[in-house]
Number of protein chains: 2
Amino acid sequence: MVAVSKPRGTRDFTPEEMERRRAVEKKMREIFESYGYREIATPTMEHMELFTMKSGEGVIEETYSFHDKSGRMLALRPELTAPTMRFYMEKMRMSPKPLKVYYFGNCFRYDRPQKGRYREFWQMGCELIGTDKPEAIAELIATAYHVLEGTGLKNVKLRVGDLELLRSFIKKLGVENSEIMRLIDKSDYDGVSELIGEKEGAEEFMEFLNCRELDSLKKFFGGEAGRIESVLEWLSSFGVPYTLDTSIARGLDYYRGIVFEIDAPSLGAEKQLCGGGEYTLLPLLGGDETATAGFALGFDRIVLALEKEGYEFPLPEELVYIHPIGDEMRKEAVLLATELRMKGLKVEMDLMRRSMQKSLQYADRIRAKKAVIMGPDEWEKGMVVVKDMKTGEQKEVRKEEIGGYL
Amino acid sequence: MVAVSKPRGTRDFTPEEMERRRAVEKKMREIFESYGYREIATPTMEHMELFTMKSGEGVIEETYSFHDKSGRMLALRPELTAPTMRFYMEKMRMSPKPLKVYYFGNCFRYDRPQKGRYREFWQMGCELIGTDKPEAIAELIATAYHVLEGTGLKNVKLRVGDLELLRSFIKKLGVENSEIMRLIDKSDYDGVSELIGEKEGAEEFMEFLNCRELDSLKKFFGGEAGRIESVLEWLSSFGVPYTLDTSIARGLDYYRGIVFEIDAPSLGAEKQLCGGGEYTLLPLLGGDETATAGFALGFDRIVLALEKEGYEFPLPEELVYIHPIGDEMRKEAVLLATELRMKGLKVEMDLMRRSMQKSLQYADRIRAKKAVIMGPDEWEKGMVVVKDMKTGEQKEVRKEEIGGYL
């Protein structure tokens with residue numbers, strides 16, 4: 001019986017899972033860095049105000065919180081954009097613009113655990129601060145797309161929208177903004193229809209929401225879709241395939257202008273891997289109206305999507321196993337293990353003083369590729385036996401040559 | 001004015017700091033893996049019982065805690081050995097032995113922040129499960145030493161002790177164990193003297209506590225120091241320099257047998273980089289008496305010690321900057337940037353439509369090594385200009401050859 005279990009909605013990761021996760025993380029970092037993004041990190045906990053300021057008081061309910069010694073309410077971060085902006089305000093304001101930073105961190109959500117949704121989950125994401133040129137926003141979207149493509153994912157779908165257009169339409173309709181945005185965010189089009197009823201422009205609005213082509217979008221605006229048209233053109237230059245999606249509402253009020261989402265259709269209901277766009281947050285933190293945009297990628301879902309696609313994760317480096325025969329060879333085994341480790345090889349040796357049979361069974365179970373068997377007779381002749389653990393083939397190798405041979 | 005600051009005792013890390021930290025982390029991982037350790041990860045929060053079980057109720061006071069929806073008390077992990085053992089009990093019990101796992105994670109401590117002590121800090125460490133052979137314990141200690149050496153640290157001191165010997169001495173003295181261990185742990189030798197007073201064996205005990213040579217230790221035990229003697233011999237085979245230290249008490253009751261600490265003298269009062277040894281924890285979690293040993297390295301202090309030693313951290317990869325002259329070259333710049341990024345280069349381009357002068361100033365401030373200047377006239381001739389940002393030297397390069405040239 002296990003006396004204490006892990007908390008509900010959290011996960012442990014086995015060595016095999018961590019190898020996969022680190023391999024994916026590494027590729028994602030490489031792409032972020034190729035786009036000139038540099039990593040930053042912020043604390044796991046923040047003052048709760050940081051998140052209520054951005055997302056409203058409702059966020060408290062979904063956030064793990066506790067009190068500091070001083071009595072202030074702290075929160076386990078539910079996301080990393082607000083912390084990054086806080087860090088920017090405290091220490092990076094004077095950095096040359098545009099400033100490009102990325103992060104990789106765990107976030108927390110206090111809700112009912114379900115498949116692909118955990119109470120602790122990982123996000124990799126970035127913020128682009130100081131430019132709102134269309135090619136800059138297109139580059140940001142291209143970064144997200146190429147990071148996902150760089151992991152090895154084959155099937156991802158990018159959708160790009162423009163909240164300014166959506167909001168200007170809603171304003172013309174004269175309905176309450178947050179209610180209709182909530183329905184649009186949930187893709188509840190029947191609900192939208194019901195809400196706007198027979199209002200003037202209602203039919204046109206539903207048509208607008210269904211726009212998936214730039215040409216049809218342009219018709220609403222006298223042949224010019226403005227900013228999004230330009231961003232999409234640049235996106236083509238970056239070699240990124242996209243679909244226009246006028247119905248992207250994003251969850252949060254702080255988004256402005258261009259927004260985008262990337263899905264892995266293989267994941268079903270929890271298919272969204274990435275969400276982002278332009279936003280305004282710095283003024284809430286006491287800063288000025290610097291242009292800001294960014295996105296966050298759901299790391300756990302990316303790993304899940306790769307597994308669903310049958311992606312072959314890179315194999316970890318080969319492991320060499322050393323078995324000394326008899327106590328007299330044990331010290332020589334330590335010396336050889338140390339020498340091979342210094343050369344950068346992954347080496348395990350018998351640490352249980354097992355019989356050869358049991359020792360090699362262990363080597364097999366920990367998936368060693370080669371076993372070096374050190375017998376006193378061979379050693380005297382300056383040799384060791386190297387066994388290929390897969391084929392069973394054995395070969396005598398000179399002890400000085402073993403490093404090169406392996 | 002910054003409206004919200006980071007919580008007291010926590011830190012933000014700039015890109016420069018993260019580059020250093022990731023470089024150190026990478027080297028540490030490589031050494032762990034060369035010794036056959038494989039990474040695992042556990043949740044940031046655990047049920048509080050896991051830690052009180054190991055360290056007593058006193059730990060609650062120093063631990064960040066909060067309540068789950070179900071009303072159970074959760075804690076931000078103050079350390080990673082208990083979570084690793086919990087994970088072992090839940091999912092890794094059937095793994096072949098010895099089992100070698102390492103972790104890299106943040107831990108939390110609810111105390112007064114001071115230099116080198118933060119409320120959120122990082123630990124890398126490992127557990128060796130299933131063997132207590134002296135060469136296995138020696139290999140564990142060698143792993144700790146070589147991980148530290150592998151980071152580039154020049155000045156680290158390893159001390160090895162044996163709690164069985166210390167405890168057997170204390171038992172003979174007939175004093176209360178926890179009180180004297182606390183004093184020894186603080187190196188309060190006057191306090192120890194006062195506590196044991198004129199008891200029989202008091203003088204001999206003080207002599208024992210001051211033992212720093214194996215030969216003088218052996219005298220206390222009729223010429224044989226037993227287990228520690230054997231471990232130290234193996235440690236020499238692993239090529240690891242050490243000092244015997246009979247006075248290592250470690251803080252916690254759960255340690256057994258061989259214990260060790262590694263210091264960076266350059267850090268002064270907060271000099272301890274590593275602590276570890278053999279321990280018993282599994283029975284508390286409902287498991288059987290499997291041999292367990294491990295250690296934890298203070299990651300933040302390692303980075304600090306490297307900085308104190310004037311270590312030259314590896315430089316990040318070189319950054320290439322692209323400046324298109326005029327709007328007509330901007331699309332070509334996007335294509336070139338994309339091409340170079342695909343080749344694995346780190347590339348930034350002008351995203352502000354700046355004048356050449358301002359653009360190159362920016363390139364300089366973000367420490368680009370080379371700037372590619374794309375002028376329409378050169379482009380028509382199939383050329384671009386590459387400027388070395390350090391020397392100012394400029395060179396015309398054929399556009400097809402630019403990838404190879406950079």
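Me: Copies are superposed by least squares on the C-alpha atoms of residues with pLDDT of at least 70 in both. What rotation superposes chain B on chain A?

Reply: Heads-up: this is a predicted model, where local features need pLDDT of at least 70, side-chain atom pairs count only at pLDDT 80 or more, and totals for chains, interfaces and linings use all residues. Residues are numbered from 1 along each chain as its sequence is written, while chains are lettered from A and ligands numbered from 1 in the order in which they are written. Chain B lands on chain A with 0.0 Å of shift along the axis and an RMSD of 0.0 Å. The rotation is 180°.

Me: What kind of axis has that relation?

Reply: Any two copies of a chain are related by a rotation about an axis and a shift along it. Here the rotation is 180° and the shift is 0.0 Å. That's the relation of a two-fold axis.

Me: Which residue of chain B comes closest to the rotation axis?

Reply: Go by the C-alpha atoms of chain B. At 2.8 Å from the axis, the closest is B:F66.

Me: And which residue stands opposite B:F66?

Reply: Strands are DSSP E runs of at least two residues, helices H or I runs of at least four, both numbered from the N terminus. β3(B) is joined to the antiparallel β4(B) (residues 73–76) by three bridges, and two strands pair if DSSP finds at least two. In β4(B), the residue opposite B:F66 is B:L74.

Me: Which helix packs on the sheet?

Reply: The open, antiparallel sheet has three strands in the order β2-β4-β3 (chain B), with β2 (45–47) and β3 (65–67) at its edges. The helix touches β2, β3 and β4 of chain B, where contact means that C-beta atoms placed from the backbone lie within 7 Å. Residues 48–55 of chain B form this helix, α2.

Note on methods. Contact = placed C-beta atoms within 7 Å. Axes fitted to C-alpha atoms, helices over the stretch in contact; angles between N-to-C directions.
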